[in-house]
Amino acid sequence: MKIINGKILSDSLNKKLSKNLFLLKKENSISPSLVVILVGNNSASSLYVRNKEKKALEVGIKSYVVRLDEKIKEEELLSVIQEYNERSDIDGILVQLPLPLHINSDKITDKINIEKDVDGFNSKNIGLLALGRPNVIPCTPLGCYFMLDHFTTLKGKNVTIIGRSNIVGKPLSYLLTNKNATVTLVHSKSLNIKKICSESDIIVAAIGKPNFIKKNWVNKNSIIIDVGINVLKEKDGTKKIVGDVDYLKVSKEVKAISPVPGGVGPMTIHCLLLNTYLLAKKRRNILH
């Protein structure tokens, strides 16, 4: 069994990105900038934002965090986004999800200009991805793709994605289909999920249920990407982060697996920074 280590891979890719950012500044006097809009005090979201801010600084991207009260009105949040849409010094805009229930997330993501939609969630960007001519690829699906592409050839592989969210499952199914994989997207209403998984070359678990994938769902040639991030409380009161895969048991039965933490998470942040860099170049018609 091999571990598909997202931390090691992202560190390597971030070093390359940092060099490219240095050259972009040296040759074109451009320092890409990212604004992250955080609504409320969700502890997990706050942690993600801090990690994004730290990594942006490390590679050479300007990162700004806008913290807004959780009671902000939808119209006010839309106005904040429009302000950054219009600012020429901002290359990427990200609104951290989830948002408070009184705010329509679809309306918010569609407000972000597709030329600055660093997360790729605007419906136009999702549509372009589905059509096979992407403008921006959502960060977590792109991170999963890089991990798989680093380890194996996707062409002709049978891939099962568990979970049909608009953030991971659906866009990842479009992306991997575009890369010539044969993709099955299963969800809570699907039948015979265990059988489908056991016959797959690759399984991507993105369902949000701790230890959901068991060892009898896989085969000795399975490649597993675990997108899940779940917090479990131990008997002694401590908290433990686990994925959607029963890692200790499944890892003994498969060809390769990504860990949680240290798998998809670092790759998602890398892809956010990569998308910021690419958008900064695209907005200025820098093709090399």
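Strand β1 is joined to strand β11 (residues 256-257) by 2 bridges, and the two run parallel. In this pairing, K2 has A256 of β11 as its bridge partner. Strands here are DSSP runs of E with at least two residues, helices are runs of H or I with at least four residues, and both are numbered from the N terminus; two strands pair if DSSP finds at least two bridges between them. The model is predicted, with local features needing pLDDT of at least 70 and side-chain atom pairs counting only at pLDDT 80 or more, while totals for chains, interfaces and linings use all residues. Residues are numbered from 1 along each chain as its sequence is written, and side-chain values use heavy atoms, with hydrogens and water left out.

The pairing of β1 with β11 belongs to an open sheet of 6 parallel strands, ordered β1-β11-β8-β7-β5-β6. Its edge strands, β1 (2-3) and β6 (182-186), each pair on one side only. In total, the protein chain contains 11 strands and 10 helices.

The C-alpha trace of the protein chain spans about 55 × 45 × 35 Å along its principal axes. The radius of gyration, taken over C-alpha atoms, is compared with a globule rule of 2.2 Å times the number of residues to the power 0.38. The protein chain has 19 Å, which agrees with the value near 19 Å for a compact globule of 288 residues.

Of the 288 residues in the protein chain, 48% are buried (under 20% relative accessible area, with a 1.4 Å probe and protein chains only). Among contacts (heavy atoms within 4.5 Å) with a separation of 6 or more, 71% involve residues 24 or more positions apart.

Notes. Buried means under 20% relative accessible area, exposed over 50%, partly exposed in between (1.4 Å probe, protein chains only).
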